[in-house]
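Below are my comments on the model, as numbered points. Please read them alongside the sequence and the coordinates.

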Amino acid sequence: MNYVSTRNSHYKVSAAQAIVAGLAPDGGLFLPESLPSFTQKDLAALAQMDYVERAAEVLSRFLEDFTREELLQMTTRAYAPEKFPPRAVAPVVPLSDNAYILELFRGPTCAFKDFALQLLPYLLTASMRKTGIDKTVVILVATSGDTGKAALEGFADVEGTRICVFYPDGGTSNIQRRQMTTQTGDNVMVFAAKGNFDDAQNGVKQIFTDKVFAEDLAQRGYLLSSANSINWGRLAPQIAYYFSAYCELLNAGKIRMGEHINITVPTGNFGNILAAYFAKHCGLPVGKLICASNRNNVLTDFIQTGVYDRNRDFYLTASPSMDILISSNLERLLYLLCGRDDQRLTGFMSALAAQGKYGIDTPLLEALQAEFAAGCADDAQTARCIHDTLARTGYLCDTHTAVAVDVYQRYVAQTQDQTPTIIASTASPFKFAGSVVPAAYEVQPEQEDFALIAQLETLSGQKAPAALAQLKEKTQRFQTSIQPQEMKQAVSDWLARS
């Protein structure tokens, strides 16, 4: 299976080459030439496996450079019991008669990004061996909060790699920031970037497309790559947990084989819900994909109107991992909806770069809306959902999950669609305790981060994840703040010191 660039369908590479490069030379994103197919017989076989085996099997259909045995070794290490709870790597928890929470926050950084970023270091280093590259790979990451820590955790002290993370200064929760700034490892670096996530993401993309800079790094023995979801090696592992969720519902007797489910995902960069789209188009019985946005509702507006317009106010919200106005992975979806017409896709991306907006025609909008529904929830609606969900069901949501629950409930009220629905829960409520405590329990939150975590433990009767509670004892190593235009020089200087 070859991979092509969304901006040049004739540019083809292997899976290993796509993972190493991260981004195509023309700035496009890699996609497989065709999607694999899973039958009901395949689903029945997956249902008999544990998560490690399911992930290896799903990935083997996409990454044909690797044997299933190689992938099984990788998933066994990535999802080991010391990182994820045994037998409950991605548990599915009932929320109501037709709604089920897919808990994706049981990993080492308490966010869904762990599923890809615990695996990506193995995929990347193996891909470099398969492609004969004998350089140190430099991972550049822009993060709105969760990706940064998950990438740092995955790549820390991995031989032959260095990783540099940029997060928006003041644009993450305190716990998210502290998770990154206390990261251990001799090969890691973290910078706060002035501006918002889109500024950091654009800065990273500009570095990747700077050929002179890439040649300079190559002469110094370095090769640039990405751990953001623009890298196919980041996105592919997320497809596996939607297959796993379906298997969990089958095994629990909640659905019959072949019965359709809906999937609701809180998303900003469009990667997590795009993974669900790929699962659907590989044969997973999925009806609607429900895209949930916060107040930065550029995706909701696009799905409802066909106009993508980032020329709008940017808001810092209680769900900061979704505070994004340029959703990079939407490019992959548009390419497929356009029938893999790279010229048409490039036109949209050129308009976005030049005018900050583009619009799609009626047939394309109808194709989009046949797949997706969309809604958004502001902070007040999110807080009310956290409170009401806890009162009604006993389930405690973080702010991002609450956005999804709120959007799902309004979707059902509007459509009367009673299809069983998976709702992706993307983070532990303890990561956002400052918003969860007053919303869920209507009490004044503690001001100090770790007193706040202890307060939520007391109120909820739940134990805080050790990875968060132990942050109090860790030293903050990285506290440098830079302007986006300084990012390339900052990377160069850091590598020179290494």
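1. Strand β14 (residues 372-376) is mostly covered, with four of its five residues buried. Buried here is under 20% relative accessible area, exposed is over 50%, and partly exposed lies in between (1.4 Å probe, protein chains only). Helices (H or I, at least four residues) and strands (E, at least two) are DSSP runs, numbered from the N terminus.

2. This is a predicted model, in which local features need pLDDT of at least 70 and side-chain atom pairs count only at pLDDT 80 or more, while totals for chains, interfaces and linings use all residues. Residues are numbered from 1 along each chain as its sequence is written, and side-chain values use heavy atoms, with hydrogens and water left out.

3. Strand β11 (residues 286-293) pairs with β14 in the parallel sense, over five bridges; two strands pair if DSSP finds at least two bridges between them. Across this pairing, Leu289 has Phe372 of β14 as its bridge partner.

4. On the cysteines: the structure holds zero disulfides, a disulfide being a pair of cysteine sulfur atoms within 2.5 Å. Cys282 counts as buried, at 1% relative accessibility, and so does Cys291, at 0%.

5. A second topic is an open sheet of five strands, in the order β9-β6-β7-β8-β16, with parallel pairing. Its edge strands are β9 (222-226) and β16 (481-482), each of which pairs on one side only. Within the sheet, β7 (residues 161-168) and β8 (residues 188-193) run parallel and are joined by six bridges. Phe166 stands opposite Phe191 in β8.

6. Helix α7 (residues 146-155) packs on this sheet and touches β6 (136-142), β7 and β8, its direction making about 165° with that of β7. Helix α22 (residues 487-497) lies across β6, β7, β8, β9 and β16, and runs at about 145° to β7. Contact means heavy atoms within 4.5 Å. Axes are lines fitted to C-alpha atoms, for helices over the stretch in contact, and angles run from 0 to 180 degrees between N-to-C directions.

7. Two backbone values deserve a look. Cys110, although not a glycine, has a positive phi of about 65°. Cys110 sits in the loop between β5 (99-103) and α5 (114-117) and counts as buried at 2% relative accessibility. Asp157, also a residue other than glycine, has a positive phi near 60°; Asp157 is placed in the loop between α7 and β7.
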